[in-house]
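Subject: A structure to look through

Hello,

I am passing on a structure for you to look at, together with some notes on what turned up in it. Please keep the viewer open while you read, so that you can follow each point for yourself.

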Amino acid sequence: MVRYLQSIRISNLLLLSLLFWGLMLNYLPTIHLFLKDHLLLFFSILTTTSSGYLINNFFDKESDHVNDKEQLVQFSSKFYLSNYFIHLIISFILLLVSNLSGNWFFLVLCCHLMTLLYSWKLQHFPLIGNLTVAILCCLVVITPIFLAKKMPFIESLNIENELCGIFILFCFLLTICREIIKDIEDIKGDQKVNSNTLPIITNLVISKSIALIIALGALFLLAIVCINSNISIQSLLLLVFSGIPLTIFILKTYPLKEPQFFKGPSNWIKITFLSASLWLYVNLLL
């Protein structure tokens with residue numbers, strides 16, 4: 001069971017859940033929060049994400065072996081493929097037994113197609129694979145506001161009026177940054193399978209520099225949000241919660257020159273996601 005949970009990236013699923021329900025709490029009245037259809041959609045999203053990790057493990061077995069990711073190569077290709085289809089089917093069954101609009105079925109179908117294309121081809125192209133993962137992350141972030149029948153917008157970057165729009169942009173930047181760092185970390189295995197990720201077609205220094213520029217952009221975004229929110233307690237706490245781990249990521253990443261040392265900074269991006277998600281719950285108390 002532990003090995004299976006590792007194969008579907010249980011820590012990432014828990015982080016996704018924390019972010020999802022944090023946004024749900026901020027956008028939906030409590031009485032509507034845990035409706036059956038909302039829960040079914042949430043579990044459909046989880047099984048869709050799990051299926052994405054499983055099909056990615058299937059296609060990446062050779063490169064993961066080279067990169068010494070033993071927790072991901074411990075199962076056979078047959079195991080990953082069969083479980084991928086099981087999770088895929090469950091994700092649609094959950095929607096079919098709900099009373100949700102058929103648009104959600106179409107959206108989940110698009111997510112499955114994107115994860116399949118990413119694992120099969122797109123991850124091997126510079127930045128295209130990174131952008132695909134970032135878009136998928138944004139789709140999860142935008143779901144709660146769609147359930148609240150509102151539209152995300154970004155105009156003044158005020159935290160009180162544009163919370164979801166700000167989180168979409170912030171998560172988009174963080175995800176691209178982390179995906180580039182992961183490509184640097186996995187460069188050895190990617191070269192083995194003739195992949196053409198950004199670090200391979202450029203070099204480590206250029207790829208690291210691009211990731212750092214994006215991280216600085218995310219940090220700048222937090223500062224602008226704080227200023228445009230009249231330096232409210234909410235915006236200040238968001239800057240502290242997310243800005244500190246993001247700054248640590250930048251400081252730890254800047255001096256690195258060898259791919260094997262990039263796992264630590266990659267984890268700091270996850271910590272930034274975690275801190276931003278926790279801020280959503282703190283925001284409810286303010």
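Arg9 sits in the loop between helix H1 (2-7) and H2, and in this predicted model Arg9 has a positive phi of about 55° although it is not a glycine.

The next notes concern how some of the helices pack. Two packed helices are described by the angle between their axes and the distance between the axes, and I give both for each pair.

Helix H2 (residues 10-27) and helix H4 (residues 36-59) have axes that come within 11 Å and cross at roughly 150°. Angles over 145 degrees count as roughly antiparallel, and H2 and H4 are therefore roughly antiparallel to each other. Their crossing is right-handed. On the H2 side the contact includes Leu13, Leu16, Phe20 and Trp21, while on the H4 side it includes Phe42, Ile45, Leu46 and Tyr53. Sorted by class, this contact of H2 with H4 has 10 nonpolar, five polar and no charged residues.

H4 also packs against helix H8 (residues 102-120), where the axes come within 9 Å and cross at roughly 15°. Because of that angle, H4 is roughly parallel to H8, and the crossing of H4 and H8 is again right-handed. Among the residues that make the contact are Leu41, Ser44, Thr48 and Gly52 of H4, and Trp104, Val108, Cys111 and His112 of H8. By class, the contact of H4 with H8 has nine nonpolar, eight polar and no charged residues.

What does H8 do with H7, by contrast: are the two roughly parallel or antiparallel? The axes of H7 and H8 come within 10 Å and cross at roughly 165°, and H7 and H8 are therefore roughly antiparallel. H7 passes H8 in a right-handed crossing. Here Tyr84, Leu88, Ser91, Phe92, Leu95 and Leu96 in H7 meet Trp104, Phe105, Val108, Leu109, His112 and Leu116 in H8. This contact of H7 with H8 has 10 nonpolar, two polar and no charged residues.

Finally, please look at Thr132, which lies in helix H9 (residues 128-147) and counts as buried because its relative accessibility is 8%. Leaving aside its neighbours within four places in sequence, Thr132 is in contact with Met114, Tyr118 and Leu122. Thr132 and Met114 are 18 residues apart along the chain, and their C-alpha atoms are separated by 7.3 Å.

Key: Residues numbered from 1 in each chain as written. Predicted model: local features only at pLDDT ≥ 70, side-chain atom pairs only at ≥ 80, totals over all residues. Heavy atoms only, no water. Helix = DSSP H or I, 4+ residues; strand = E, 2+ residues; numbered from the N terminus. Buried < 20%, exposed > 50% of the residue type's maximum accessible area, 1.4 Å probe, protein only. Contact = heavy atoms within 4.5 Å. Axes fitted to C-alpha atoms, helices over the stretch in contact; angles between N-to-C directions. Parallel < 35°, antiparallel > 145°, perpendicular 65-115°, else oblique. Left-handed = near helix turned anticlockwise from the far one by under 90°. Nonpolar A, V, L, I, M, F, W, Y, C, P; charged D, E, K, R; others polar.
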